[in-house]
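Here's a quick briefing to read alongside the model. Have a look at the structure first, then go through the points below.

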Amino acid sequence: MKWLSLLMLLPLAGAAIIAALPKSNEKAAKQAALATTLAVMAATIAMAVGFQRDNVDLQFVESYAWIPSFGINFALGVDAIALVLILMSTILAPVVVLAGWNEAHGGRWSVKTFYVLILVLETMMIGVFAATDLFLFYVIFEAMLIPVYFLIGGYGTGERSAAAVKFLLYSLFGGLLMLASIIALYVMSGAQGGHTFDLDKLSQLQMSSTTQNLLFLGFFIAFAIKAPVWPFHTWLPDAAKSATPGTSVLLLGVLDKVGTFGMIRYCLTLFPEASKTFTPLIMVLAVISIVYGAFLAIGAKDIKRLIAYTSISHFGFITMGIFAMTSQAQSGATLYMFNHGFSTAALFLVAGWMIARRGSSTISDFGGLQRVTPVMAWSFFIAGMSSLALPGLSSFVSEFLVLVGTFTRYPVHAIIATFGIVLAALYILIPVQKALHGPTTAGNENLKDLNLREKLAIAPVIAIIVVLGFYPSPLLNVINPAAKHVISQMGFTDPVPSIGDK
Amino acid sequence: MTTSTSLVYLIALPLAGAAILLLAGRRADKWGHLLGTAMSASSFGVGLYQLMLMLDRPTEQRPVGKKLFEWINVGEFKVDAGLLLDQLSICFVLLITGVGTLIHIYSISYMSHDKDRRRFFAYLNLFIAAMLLLVLGDSYLNLYVGWEGVGLASYLLIGFWNQKPAYATASKKAFVMNRIGDMGLSFAIMIAFATMGTVSFAGVQEHAHHASEAALTGMGIMLLVAAAGKSAQFPLQAWLGDAMAGPTPVSALIHAATMVTAGVYLITRSNFVFDAAPTAQLLVVIVGAITLMFGALIGTAKDDIKKALAASTMSQIGYMILAAGLGPVGYAFAIMHLLTHGFFKAGMFLGAGSVMHGMNDEVNMRKYGALRKFMPITFVTFGLGYLAILGVPPFAGFYSKDMIIETAFNAGGAKGIILGVTTLIGAAITAFYMTRVMILTFTGTKRWDDDAHPHESPWLMWLPMAVLAIGSVSSGYLLSSGDALENWLHPLFDHHEEHEAHLFEPIVVSAMALTMVAIGVAIAFFKYARQEVSSVAPENVSIFTKIARQDLMQDRFNEAVFMRPGQALTTTLVAADDVVIDGAVRGVGQVAMGSGSALRGLQNGYVRSYAAVILVGAIALIGAIWVVVQ
Amino acid sequence: MNAANYLYISALLFTIGAVGVVVRRNAIVVFMCIELMLNAANLSFVTFSRINGDLDGQVMAFFTMVVAACEVVVGLAIIVTIYRSRRSASVDDASLLKR
Amino acid sequence: MMQLALEVGQTAQPEAIMFWILGPMAVVAALGMLLVKKAVHSAILMAFVMVVLAIFYIAQDAVFLGIVQVVVYTGAVMMLFLFILMLVGVDSSDSLTETIAGLRPIAITAAVGFGGLMVSLLGRATLGRQAIGLSAANADGNVQGIAKELFSTYVFPFEVVSALLITAAMGAMVLAHHQRTTVRPTQRQLSINRFRGESLGSAAGLPGPGVYARHNAVDVPALLPDGTPAPTSVNASLEARGDMLDYKSFDLSEVNTQIEEEK
C-alpha cells in the first residue's frame, strides 16, 4: 500500500472538498477539516504500526518519475526519525483544528480558506519529512512558506503583515542558500556517474573539503534559520506573536522541526566531514541558544513571545543533541522534537485561550486565574512543567538524554546547558505566578473556564505529555536504531565510560 | 534480589489518591480529605507489612526490589523504572507514611474551614507518592523523578494560599533554589554515567572502587549541591524560611520531617561515593557545620514561631549532614537523628499550628504568652518535643544528638576538635532559642490582642500531636537500645573497622553536652522569663541581632550577587536582541529598501526607456558571447 | 556572391529597427520599426536557408510572417483602443507602468 | 577587417550588382524611417524596404517567400498601417524632439555597439564558409519544397499558428469593438448641453472654416466679427500636421495694406 502518497493526498482531498463548500457554511468547513485531519491521523497510526523498527533503511519507499530530463523523482520514504515527526504532525493537526475552532473568524479571508490552507500545509508537512529526493524536499520546503505566510498575514493579530513578511524573507534567504548548495550537488553528481537528486546517491559523492564546507553551510544556515538557532532567531517571536495560536503551534511544533530534521537528514548524511569540522562552532551556537533563549524568555512581557523564546532555548537543546554524536544525545534530540511539539502545543493553545478570553497577551494583564478558571490554569501549569522538563513529564526524558549524551563527549557544553534548567524554572514560574497565582486582578473575574471542545482538544496532548514521561519506550525503541545508524554512518561510537582509569 | 510486587502499592495508592482528587474536582469536596487520609494510611499499612516481611528474612536477603518496566534504554544508558526497598529505605517509608498519615489526620481538622481542602489533600498525597518514589527508586534517575516531584509538591503546597503575592513568590523561590540543587543532581548523574556507564545505585556501588577519585569527588560535590538545595543547607538555605508561607501541616511534614531530610538520604545512599572521595566528604562536613551554626543563629532572633522552628530545622539537618559526612561511623547516627527529629520537629510544628489555630493564625511569638493554661495538651506535647530537641535524657534527641557530637569529636585531630566544639556550641544555642520559644509562647504574661480567644484544638488535631510526642519520648531509646538501628543499617555501609582511640568517653561527651544545654537554657530563662517581654520587637538591639533577624543577610546576598545582575543581564539581552540582532536584520531590510528607492528612478514608466535598457542588455549579452567565443 | 553580405545587411536593418523603437514616439512608427526588425530576422532566416542548403529557414521565415501578421492585427487594434480613450498615439503618454 | 573587405569585394555577377544597388538603398530607406517627421512617409519608406527584401528573397531562391512578402507584407500589412494612420490621424507624437533626457545618445551609442558586435560576430561565424545553395532543395520547385516541409515536419506548428491567426483576428475584433457605456444622447439632450454649457460661444455650433476661395477652404480659419481668426474652425489634425494656412495673410488690416500697396 502506498501509505505515504495516501497520507499526502488525504489532506489535499479534504482541502478540495472544503474549497467546494459554500462560503457561508463555516461549520461544515470546520467539520470537514476536523474529519480530514482525524482520518490522516488514523492513517498515520496505521502506517506506523507496520513500521519495522529494527530496519534502519528507508521504509514505505515510493518513487515516480517527475521531471525525468533532470533526474527528478517524486520519491518518498521514511526512517524512524521521519516517521516520528510525521506522527507528531498528524496528531497535532486535528488538535489544532479542534482547539482553534473559532480562530479563523476575523481574518482577512473566509473561514474555509483558513482550513484549506491548514490542510494544504498538512500535506506539505508530511511531504517534507517523507521526501527522499533533494529537489522534491526543496520544493516542499519552500512551498510550505506560502500557506504559512497567508495564515499569519491573513488571520493573525497585531502587525500580522509585517511579521508574515519577516518570516517569509528570513526563510527565503535560507532557502536560497540551500538552493545554491543543491544545484552544486546536482552539478557534481553529473560529473560522478550521472545527474541525480537522489539522497542516497548524493551522499556518496566525492568532494574536496572546501566544497563540502561551503555546501554544508548553505544547508546549515537554511536549517538554522528554520530551527531557529541563535543568531537567526528574531523572526520567530514576531511570527509567533502575530499568528493565531493554532498557526503558532504548527509553526513552532512542526515547521521549525524541519530545520532540526534537516540537520540530521541532510547536513549529517550529505556532508559528514564538514559536519565534523563545524561541530565545535555549532555546539557553541546551540549552547548560546539555550541560555540566550531562556534569558529572553525571562524578560518577555508578552506571553506568546515568551513561548517563542522558550522554544529557541529548546531548539538549542535539540541542535546540541544532534551534533553531540552520541546515541543518547541523538535519540534524545529526536524524542525532544516529538515532545517539544506537544508541550509547546499545549502551552500555545492554552495561552491562546487565555488571550482570547482576556483580550490581551500581556502577561501582567492576567492575575489569579487559578481560582477563576482552574482547568485552564492547570492545563497551562502542566504544559509549563513539561516545558521546564519536570521529571515524569515527557520533555524530561528527552532533555536528560541530550544532556547525558552531550556530557560524555562535550562536558563543558553540557554543564553550561544544564544551567538552562534553572533558567527554565524561572521563565515558566514567572508567568505562572503573574498570570495564575496572586489575587484575581480586575478584568479577570469573569473569565470562563474551558468548554468541552477545548477540554477535548487539550486532553490528548496532556495525556501524551504524561504518558511519554513515564513510558517513552515505545517511541524510544523506534528511534534508537535510526539514531544509532546516523551515528555509525558518521563514524562515531559512543564514548566508553572512563572506568578503570585508576 | 527478591522481588516484591506490593512495593508498587506503596507509591500507587497515594498517587491514585492525588489523581482522583485532582481530576474529580469539586465533586470530591465532601469526601476528598477522607480518601486522601485513607490512601496515606494504607500506604503506611503496606510499609508495615513490608517491614514484617523484611524482619522475617535473613540479613543478606532483606533488600527487595521490583522492576516495573524499562524506562529509558538508549545505547549504554539503560534505566529501568525499578523500586528498591532495603533497610535504609524502609526507615524512610515508615517515617514518611507514618508521620504523613498523622499529618493528614491533623489537617482534616486544621484545614476544615478552607474551601480548597480537597486540593490540599491531593497535594499532600502527591507529595507522599513523590517522596516514596524518591526513597524507593533503585537508581539516581528514579530518585531524580521523586526528587523533583517533591519539589513540585512543595511548590504547590507552599503556594497553597498563593492569592497572597508574597506566598506565591515564596513558592517560586523555593522551586528555583531547589532547581539549582537539582542541577547538581543532574551533574552527578551525568558524571556517573560518563565514568561508570551506569546510574543505578547497585551499578555505581559496584564500579565506585575502580573509578578515578577526581570523578568521584566531582560526583560527590554535585550530590552535596543537590542535598544542599533540597535540605536547605548552606549556601542554598534561603528558601526554607520563606517556605513557612505554606499551611502549618505542610511545614511539619515537608519542611521539617521528610522532604528536607532527602539530602541526608541522598548522601547516606551514596555512601560508596563519599567513602572513596575524602575531599567531597570533608566538604559535606563543612557544609553541615556551617549550616548548623547558621540555622541556630537565625533561630535566636526570629519572632515568628514557624520561622524559628524552620531555622531550627535547618540547624538540625546540619547536624545530620555533618554526621553523614563523617563516614561509615556517622551514617547510622545521621539516620537516627533524622528519625527522631522527624518525630519531635513534626510534633512541635503541629503544636505551633495548634497555637496558631487558637490564636487567629497569629505567628508572632511576642503576641503569645501564658498559653499553657489555655492549651494544656499542646503545651505538653510541644514540651516533650522541646525536651527531645534539647537532648535531655531519656528523650529521643539525647540519644541521637549525643552520638553525633561524640562521633564528631572522634573524627580525629584538629578536625575532630573543631567539629566537636561546633556541635556543642550548636547544642547550647539550640537550647537557648528553643527555650525562648517555649517561654515566649507558653509562659509569662499574656500579650495577645483582645480579639484572640485561645482555646485547645479539637481531638483530631491533638491526637497526632500526642502520637508524635510519644515518638519524641521513646524513639531515641528504641532505636539505640542495643544499637538497633546501627545494626539494622550495618549491611548497607562499607565498614572498615578502625578503632580509633576515643577522644572522650561517651559519658564525658554527654556531660559536656548537657552542660552546654543547661547554659543555653539558663541564658534564655534569664533573658526572657525574668524580664518583661515586649509585644513588639525592640529596635535598639545589637548589630548581630539585626543581622540575625535578616537571616544573616542571606537574601540580601542572593539579591545582590545573583538576582540583580541576572535581572540586569536579562534587560540587557532583551534590549540587545532588539537592537543588535534584530537591528542587523532590519538594517539589511533598510539597505534593500534604500537601494530599491534609488533604483526606482530607472523605472520612469516610459516604454521607450525600457526598450533602451533591453537594447543595452542585449548588447551585454552579445558582448558576453563575443568574449566567450573567442 | 557571398551570402554573408545579406546577413550584414540584416544586422544593420535590425539595429536600425531597434534604435527606431527607442527614439520614435509615435506608436505606429514604433510598430513599423518592430516590423523592420522582424523582416531583418526573416532575411537572416532566408540567407541561412541558402547557406545550409535546406528549406527549414524559409519555413521559419514563413512562420515569422504569420506571427508578425497576428501581432500587427492585435497591436494595431490596441493602438486604436488606446487612441480612442487617450486621444493620442504617443507611447510616452501611456506611461501607466510608473503608476 | 581586411579579410572582410576582400570578401565583400568578391561579390560579383548580376546578383552582386543587384545587391550593391538595392542593399544601400534599403539601409538608407530604413534610416529615413527614423528621420522623417511624418508617419506616412515612414510607412512609405517601410514599404520600400519590404519590397527590397522581397527582391532579396527571390534572389536567394526563396521565390514563395518573396511573393508572400510582397502580397502579405507590402500589400496587406502596410495597407493596414496606412489605414490605422488615417484613423488615428496626426498629433504631436510625430515630433522628433526628444522628451526623455539622455535617451537619444544612449540609443545611438547602443546602436553602434550593437551593430558592431553583430557584424563582427557574424564575420567570425560565417566567413570562409561557402554557401551550399538551394538548387538541390528546390529541385521540385520552391513552393513544393516548402509545402512538403510545412505539411510533414512542421504540420503541428502550422496548425498551431493557424489557430493563433484566428485568435488574433478575434482579439482584434474584441479590442476594436467599442462598447457604449452611456446612453446615446438625444438631440434634445445635445441642444440642452449646448445652451446650458459653460458659455454660449458654441451655442450655434462651431464656426465653419474660412470662406476665402484661394485654397481648399478647410485649411483656413474663419474670422470672427472683430477680425481675429477662430481657432476652433479648423480641424485639429490639419493644425497638428502643420497644414493650416497662416490666417494672418487674410487678416483684414493686412489685406487692406496689401491692396493699398498694389494700388
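Strand β2 of chain A (residues 72–78) is mostly covered, with five of its seven residues buried (20 or more other C-beta atoms within 10 Å of a residue's own, with C-beta atoms placed from the backbone). Keep in mind that this is a predicted model: local features need pLDDT of at least 70, side-chain atom pairs count only at pLDDT 80 or more, and totals for chains, interfaces and linings use all residues. Residues are numbered from 1 along each chain as its sequence is written, while chains are lettered from A and ligands numbered from 1 in the order in which they are written.

**The hairpin in chain A**
- Strand β1 (residues 59–67) of chain A runs antiparallel to β2(A), and six bridges join them (strands pair if DSSP finds at least two bridges between them).
- A:I67 has A:I72 in β2(A) as its bridge partner.
- Four residues sit between the two strands of this hairpin, and A:G71 in the turn has a positive phi of about 65°.

**Helices in chain A**
- Helix α17 (residues 394–409) of chain A has 16 of its 16 residues buried.
- The axes of α1(A) (residues 3–20) and α2(A) (residues 26–49) come within 9 Å and cross at roughly 175°.
- These two helices, α1(A) and α2(A), are therefore roughly antiparallel (angles over 145 degrees).

**Domains in chain B**
- An automatic or database domain assignment divides chain B into domain 1 (289–549) and domain 2 (567–629).
- The C-alpha centres of domain 1 and domain 2 of chain B are 77 Å apart.

Definitions and conventions:
Buried ≥ 20, exposed ≤ 12 C-beta atoms within 10 Å, placed from the backbone. Axes fitted to C-alpha atoms, helices over the stretch in contact; angles between N-to-C directions. Parallel < 35°, antiparallel > 145°, perpendicular 65-115°, else oblique.
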